[in-house]
Amino acid sequence: MTKAVFNILLLSVVSCVLTLEVVTKEKMEANGVVPDVIDVAPTKSIEVTYPNNLKVSLGNELTPTQVKDQPAVKWEAEEGALYTLLMTDPDAPSRKNPEFGEVRHWLVVNIPGNDISKGQVVFDYIGSGPPKDTDSIQSGKVETTVSVPNNSREGRVKTKARDLIKEYNLGNPIAGNFYQAQYDDYVPVLHAQLGGAPPKAN
């Protein structure tokens, strides 16, 4: 049975205490988000909605065609807080062979409240692009001059969410969500946009 590659959205802010949502924690642990990507499960879920009202729901499967456009993202925001939004794929090109993981699909820092349009985009959004036959799967302002467009792989491949969290002293993610994706006909279009063929799943 062919399974999917994970894409995870994480949100961090320091000094925010929230109640634990057991379902989020259990799903992230059951699917290896904890401990493979982060050490502690977020305490809340991020609402992620793609065009045509397609929602990310803690591990549901969405196709690369369905997630090719930047989603609307909402979370419970604390007044005056700055947030960091990260979308990462830990299993590139596949769970069995994650030699390129993690891949940064999207990174926005210094988001006031939950208004992403007012944050600083470090990595423009790119959707999922798993190869054929894949198996399954802030304390203050972030200072950066990096800005990677959605037609570049530069700085996206072989990254780690843990390293980003540590580098900018973000603390544990306070909210998260994830979906799984399998290859579809949009994948070659995405990889052409990024300047090359998709890696083999092996």
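Reply: Leaving aside neighbours within four places in sequence, valine 73 is in contact (heavy atoms within 4.5 Å) with Ile46, Glu47, Val48, Leu85, Trp106, Asn114 and Ile116. This is a predicted model, in which local features need pLDDT of at least 70 and side-chain atom pairs count only at pLDDT 80 or more, while totals for chains, interfaces and linings use all residues. Residues are numbered from 1 along each chain as its sequence is written, and side-chain values use heavy atoms, with hydrogens and water left out.

Val73 also belongs to the largest nonpolar core, which has 21 residues, and is listed there among those with the most contacts inside it, together with Tyr50, Trp106, Ile116 and Tyr179. A nonpolar core is a set of buried Ala, Val, Leu, Ile, Met, Phe, Trp, Tyr and Cys residues joined through side-chain atoms within 4.5 Å; buried means under 20% relative accessible area, exposed over 50%, and partly exposed in between (1.4 Å probe, protein chains only). Strand 3, strand 7, strand 8 and strand 10 (173-181) each supply at least two residues of this core, and strand 10 gives the most, with 4 residues. Strands (E, at least two residues) are DSSP runs, numbered from the N terminus.

Among the contacts of valine 73 is Val48, which lies in strand 3 (residues 47-50) and is buried, with a relative accessible area of 1%.

Strand 7 (residues 82-89) has 7 of its 8 residues buried, and 7 bridges join strand 7 to strand 8 (residues 103-112), the two running antiparallel.

Key
Pairing = 2+ DSSP bridges.
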